[in-house]
Amino acid sequence: MSLTLHVDATRWRAHLAKVVEATPGIVPVVKGNGYGFGRDRATAEAAALGCDTLAVGTYAEAPDALDSFGGDVLVLSPWHPGVELADPRLIHTVSRVADLAHLPAHTRVLAEGATSLRRHGMNPAELARAAEDPRVEGVTIHLPLAGHNDNAAEAGQWAARLSELPQATLFVSHLDQVELEHLRETHPELTIRPRMGTVLWLGDLGALRVTATVLDVHRVARGERIGYRQNPVRRAGHVLVVGAGTSQGIGLDAPKANRTAKDRVKSVARGSLEAAGAARSPFVVDGKQRWFAEPPHMHASMILLPEGARVPAVGDTVTAQVRFTTSCFDAIHFE
Ligand SMILES: *Cc1c(COP(=O)(O)O)cnc(C)c1O
């Protein structure tokens with residue numbers, strides 16, 4: 001199989017169990033490509049772990065989750081006019097007070113507070129108004145990624161606001177175990193429900209390995225023109241045709257956030273080759289991450305392997321350093 005995710009099942013499941021054990025009230029997040037594992041697989045794992053609530057990203061993802069998961073299903077995207085989906089186990093996120101008027105009587109709802117993320121949510125005054133609605137079971141906040149904001153302080157402020165409201169459940173994201181413990185200790189009157197995706201599914205990358213199959217190998221001379229675009233190769237060596245391309249999400253990385261000055265210097269340094277149309281592939285061959293010979297296509301990537309590197313044989317596999325949330329694996333092997 002071409003792009004394969006190998007999961008050290010014992011190690012991965014031990015990690016999942018450890019996170020669930022350490023995180024009372026955890027709500028596993030299963031959205032998009034199921035963090036690389038597929039939503040069905042991740043949902044089954046969440047059920048096996050005994051979780052009572054699952055979070056999905058969108059209303060499009062909710063019906064499958066309601067079918068295969070026996071507990072409650074929380075939709076993270078806010079309810080908006082036009083959503084018809086209803087189920088006694090479905091929990092909606094409402095991020096505008098006005099939306100409550102359009103929701104049917106027995107709907108279950110979380111009212112979302114607007115955090116410094118500024119994506120969705122109500123300000124504290126609006127939240128207080130929404131909280132008077134008996135359908136609102138709890139409050140939910142979504143925080144920036146750890147390290148970019150004082151998430152502990154912000155979560156503390158929202159927790160304090162709940163003391164004025166009838167609800168006693170706060171759904172949170174992006175707090176680490178120490179911050180969660182502190183929140184539980186300072187607000188023992190609240191039930192804290194931490195939503196976790198990345199830290200749960202992808203928190204032990206040592207349990208995961210990605211390989212791709214080499215479909216063909218060719219010798220190339222410097223300046224020889226190859227590929228759909230017929231660009232000359234910059235160095236003599238070999239072209240490897242690896243059986244994974246844009247169809248599997250290869251070469252489609254989301255833009256990187258270049259935060260630090262060092263990051264920016266690094267991307268400028270890469271610029272000369274990148275400006276010449278080159279991009280580093282995710283494939284590691286003979287110990288090094290190699291350059292694409294040209295941008296990848298649907299099911300194949302052409303990789304440059306300079307003279308001197310050990311050349312794999314057709315049928316061999318190479319490892320790939322992919323972004324799991326944008327990869328579509330041909331196979332997942334639990335080993
Ligand atoms: C995706 C998402 C999460 C989970 O984020 P991770 O960083 O993957 O843990 C939690 N809450 C909301 C609202 C999300 O959209």
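Ring pairs join Trp 12, Phe 37, Trp 201 and Phe 334 into a cluster. This is a predicted model, in which local features need pLDDT of at least 70, side-chain atom pairs count only at pLDDT 80 or more, and totals for chains, interfaces and linings use all residues. Residues are numbered from 1 along each chain as its sequence is written, and side-chain values use heavy atoms, with hydrogens and water left out.

User: How many aromatic pairs does the structure hold, and how are the planes of Trp 12 and Trp 201 set?
Analyst: Rings of Phe, Tyr and Trp (its six-membered ring) pair if their centres lie within 6.5 Å; planes under 30 degrees apart count as stacked, over 60 as edge-to-face and the rest as tilted. The structure holds 4 aromatic pairs. For Trp 12 and Trp 201, the ring centres are 6.2 Å apart and the planes stand at 40 degrees, so the pair is tilted.

User: Which helices does the pair of Trp 12 and Trp 201 tie together?
Analyst: Helices (H or I, at least four residues) and strands (E, at least two) are DSSP runs, numbered from the N terminus. The pair joins parts 189 residues apart in sequence, because Trp 12 lies in helix 1 (residues 9-22) and Trp 201 in helix 7 (residues 198-201).

User: Which residue lies over the face of Phe 334?
Analyst: A charge sits over a ring if NZ of Lys or CZ of Arg is within 6 Å of the ring centre and within 35 degrees of the ring normal. At 4.0 Å from the ring centre of Phe 334, the residue is Arg 41.

User: Is Asn 151 buried or exposed?
Analyst: Buried means under 20% relative accessible area, exposed over 50%, and partly exposed in between (1.4 Å probe, protein chains only). Asn 151 is found in helix 5 (residues 151-162). Its relative accessible area is 2%, so Asn 151 is buried.

User: Within what arc do the buried residues of helix 5 fall?
Analyst: The buried residues of helix 5 are Asn 151, Glu 154, Ala 155, Trp 158, Ala 159 and Leu 162. The arc is that of the directions from the helix axis to the C-beta atoms. Seen down the axis, the buried residues of helix 5 line one face of the helix, because they fall within an arc of 140 degrees.

User: Which residue has its charged end over the ring of Trp 158?
Analyst: Trp 158 is one of the buried residues of helix 5. Sitting 4.4 Å from the centre of the Trp 158 ring is the charged end of Arg 161.
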